[in-house]
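Trainee: Can we go through this one together? I'd like to start with the strands and then look at some rings.

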Amino acid sequence: YSAGHLTGYNTFEYNASGLLSKLSSYNASGQLTGYSTYEYNASGQNWKTSSYSASGALSGYSTSEYNASGQISKSSSYSASGALLSYSIPEYNASGLMSKISIYSASGALLSYNTYEYNASGLMSKVSSYNSSGALSGYNTYEYSTESIVATPVFSPVPGTYTAAQSVTLSCTTSGATIRYTTDNTEPDANSAVYTSCIGVS
């Protein structure tokens, strides 16, 4: 919505395993503007996301590779013709938390990278962004109340820029934690949707 007026909406389809299989986007008049499909490996991990125009023409796709721990080890973006556009390589610390993600061009040239720091409770405390030469371009810091501390949810695939829609999964190491989310760039609150399965993001 914008100023109280509907600007568009998405519909979601799921496979027999309850995983998101298709996300379709419509404008306010109900006309299809595009859609994305999601494919999974034998472990139920999203390994390919393809984006299409309203006419069904492929506009691009992305793939994800996973390590033995089930973490994403590489994410790649491709054009409709199958040409590699860019890829990202995440790194993880001894606790399994992402410590760095590097973005590369198709030729393998480093474009940028982010580093992630955590406090003693395993909560993200700082995210720093760097350009290809290693110069700091900006950072965010996070502070937490001592009351009801909940670990920061982990996103898969990792945050970044993708050319194709993604099927996003969220997890949290805090037992019993409820994750609430939005898809319109607003801050989640107590009335926001509760995360139960993959979220289609385009």
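Mentor: What follows is a short chat about parts of this structure, which is a predicted model.

Trainee: Where is Ser95 placed?
Mentor: Ser95 lies in the loop between β7 (84-92) and β8 (98-105).

Trainee: Is Ser95 buried or exposed?
Mentor: Ser95 has a relative accessible area of 63%, and the cut-off for exposed is over 50%, so Ser95 is exposed.

Trainee: How far apart are Ser95 and Gly122 in space?
Mentor: Their C-alpha atoms are 8.4 Å apart, although 27 residues separate Ser95 and Gly122 in sequence.

Trainee: Back to the strands. In which sense do β7 and β8 pair, parallel or antiparallel?
Mentor: β7 and β8 pair in the antiparallel sense, over seven bridges. Tyr92 stands opposite Met98 in β8. The hairpin has five residues between the strands, and Gly96 there takes a positive phi near 85°.

Trainee: What about β8 and β9, how many bridges?
Mentor: Five bridges, again in the antiparallel sense, with β9 covering residues 110-118. Ser102 stands opposite Tyr113 in β9. This hairpin has four residues between the strands, and Gly108 takes a positive phi near 95°.

Trainee: Rings now. How many aromatic pairs does a search of the whole structure find?
Mentor: The search finds five. One of them is Tyr35 with Tyr52, whose ring centres are 4.9 Å apart and whose planes are at 15°, so the pair is stacked. The pair links distant parts of the chain, with Tyr35 in strand β3 (residues 32-40) and Tyr52 in strand β4 (residues 46-53), 17 residues apart.

Trainee: And is Tyr35 buried or exposed?
Mentor: Tyr35 is buried, because its relative accessible area is 18% and the cut-off for buried is under 20%. Tyr52 has 23%, so Tyr52 counts as partly exposed.

Trainee: Which residue does Tyr113 form an aromatic pair with?
Mentor: Tyr130. That pair is stacked, at 4.8 Å centre to centre with 10° between the planes. Tyr113 is in strand β9 and Tyr130 in strand β10 (residues 124-131), 17 residues apart. Tyr113 is buried, with a relative accessible area of 15%.

Trainee: Which charged end sits over the ring of Tyr113?
Mentor: The one of Lys100, 4.6 Å from the ring centre. The charged end of Lys74 sits over the ring of Tyr87, also 4.6 Å from the centre.

Trainee: Last topic, the surface. Which residues form a nonpolar patch there?
Mentor: Tyr1, Leu6 and Tyr9 form one, with about 350 Å² of accessible area together. Leu6 is in the segment before β1 (8-14). At 36% relative accessibility, Leu6 counts as partly exposed.

How values were computed:
Residues are numbered from 1 along each chain as its sequence is written. This is a predicted model: local features need pLDDT of at least 70, side-chain atom pairs count only at pLDDT 80 or more; totals for chains, interfaces and linings use all residues. Side-chain values use heavy atoms; hydrogens and water are left out. Helices (H or I, at least four residues) and strands (E, at least two) are DSSP runs, numbered from the N terminus. Buried means under 20% relative accessible area, exposed over 50%, partly exposed in between (1.4 Å probe, protein chains only). Two strands pair if DSSP finds at least two bridges between them. Patches are made of residues with over 30% relative accessible area and no salt bridge: like charges are joined within 9 Å, nonpolar side chains (Val, Leu, Ile, Met, Phe, Trp, Tyr) within 5 Å. Accessible areas come from the Shrake-Rupley method with a 1.4 Å probe; for residues, only the protein chains shown count as cover. A salt bridge is a side-chain nitrogen of Lys or Arg within 4 Å of a carboxyl oxygen of Asp or Glu. Rings of Phe, Tyr and Trp (its six-membered ring) pair if their centres lie within 6.5 Å; planes under 30 degrees apart count as stacked, over 60 as edge-to-face and the rest as tilted. A charge sits over a ring if NZ of Lys or CZ of Arg is within 6 Å of the ring centre and within 35 degrees of the ring normal.
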